[in-house]
Amino acid sequence: MSCFDRRDLGLLLLRLGTGGVLAAHGTQKLFGWFGGHGLEGTGQFMESVGYTPGRASATAAGVAEAGGGALLALGLATPAAGAAAAGAMAGAAAVHVPNGFFAQSGGYEYAVTLGLAAAGLAITGPGRLSFDHALGHVLDRGWMVPAALGVTAAATALVVGARNCRVRAKREGEQEALFEE
């Protein structure tokens with residue numbers, strides 16, 4: 001039996017922190033826990049920002065965040081978990097881009113940070129203090145990293161691209177006042 005090194009402890013802390021935050025956000029969407037709005041309220045919000053149908057979008061985001069976050073925290077199926085969470089955060093960041101970078105202004109800083117941490121864990125792996133390691137990495141093979149990230153990137157590009165088209169089309173139908181009153 002080998003001793004755990006500081007890399008394993010660091011990965012454990014990163015997985016627990018990132019995974020815990022993501023799981024909490026996902027349960028807000030799915031169940032209304034921790035002050036969230038549940039599927040109904042989140043679905044209405046998703047619809048208002050261009051993700052349609054809203055309830056299905058809320059479900060997908062909630063499952064990616066709660067499921068991906070819980071699996072990251074456990075260090076189980078790390079490539080798929082990290083990719084799913086990163087995809088959900090890319091979708092969230094797209095909503096916040098018009099507000100700039102910093103979160104204090106409603107920007108995308110927070111979503112990007114969580115997404116990069118999740119993607120980094122998908123690539124790096126969970127370390128030895130994980131279920132993946134205990135199970136012989138059957139759900140954490142090398143080929144799974146590019147496959148999970150590639151599939152997630154393609155799906156995210158389609159979903160965010162369609163959302164951006166809907167938002168642009170809605171804005172084109174609105175006319176701004178030519179003169180201030």
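Start by selecting helices H2 and H3 in this predicted model: their axes come within 7 Å and cross at roughly 110°. Angles of 65 to 115 degrees count as roughly perpendicular, so H2 is roughly perpendicular to H3. The crossing of these two helices is right-handed.

To see where they touch, show side chains on both. On the H2 side, select Leu 39, Glu 40, Thr 42, Gly 43, Met 46 and Glu 47. Facing them from H3 are Gly 54, Arg 55, Ser 57, Ala 58, Thr 59 and Ala 61.

Next, select the whole of H3, residues 54-74.

Now colour the buried residues of H3, including Gly 62, Ala 66, Gly 69 and Ala 73. The buried residues of this helix pack against H1 (6-31), H2 (38-48), H4 (78-96) and H5 (109-124).

Move on to Leu 72, another buried residue of H3. Beyond its neighbours within four places in sequence, Leu 72 is in contact with Arg 15, Gly 19, Leu 22, Thr 78, Ala 81, Gly 82, Ala 85, Ala 118 and Leu 121.

Which residues have the most contacts inside the largest nonpolar core? They are Leu 22, Leu 72, Ala 85, Met 89 and Ala 118, in a core of 15 residues. H1, H3, H4 and H5 each supply at least two residues of this core, and H4 gives the most, with six.

Finish at another core, which lies apart from that one and has 11 residues, among them Leu 30, Val 49, Ala 58 and Ala 61.

Methods
Residues are numbered from 1 along each chain as its sequence is written. This is a predicted model: local features need pLDDT of at least 70, side-chain atom pairs count only at pLDDT 80 or more; totals for chains, interfaces and linings use all residues. Side-chain values use heavy atoms; hydrogens and water are left out. Helices (H or I, at least four residues) and strands (E, at least two) are DSSP runs, numbered from the N terminus. The expected span of a helix is 1.5 Å times one less than its number of residues. Buried means under 20% relative accessible area, exposed over 50%, partly exposed in between (1.4 Å probe, protein chains only). Contact means heavy atoms within 4.5 Å. A nonpolar core is a set of buried Ala, Val, Leu, Ile, Met, Phe, Trp, Tyr and Cys residues joined through side-chain atoms within 4.5 Å. Axes are lines fitted to C-alpha atoms, for helices over the stretch in contact, and angles run from 0 to 180 degrees between N-to-C directions. Angles under 35 degrees count as roughly parallel, over 145 as roughly antiparallel, 65 to 115 as roughly perpendicular and the rest as oblique. A crossing is left-handed if the near helix is turned anticlockwise from the far one by less than a right angle, and right-handed if clockwise.
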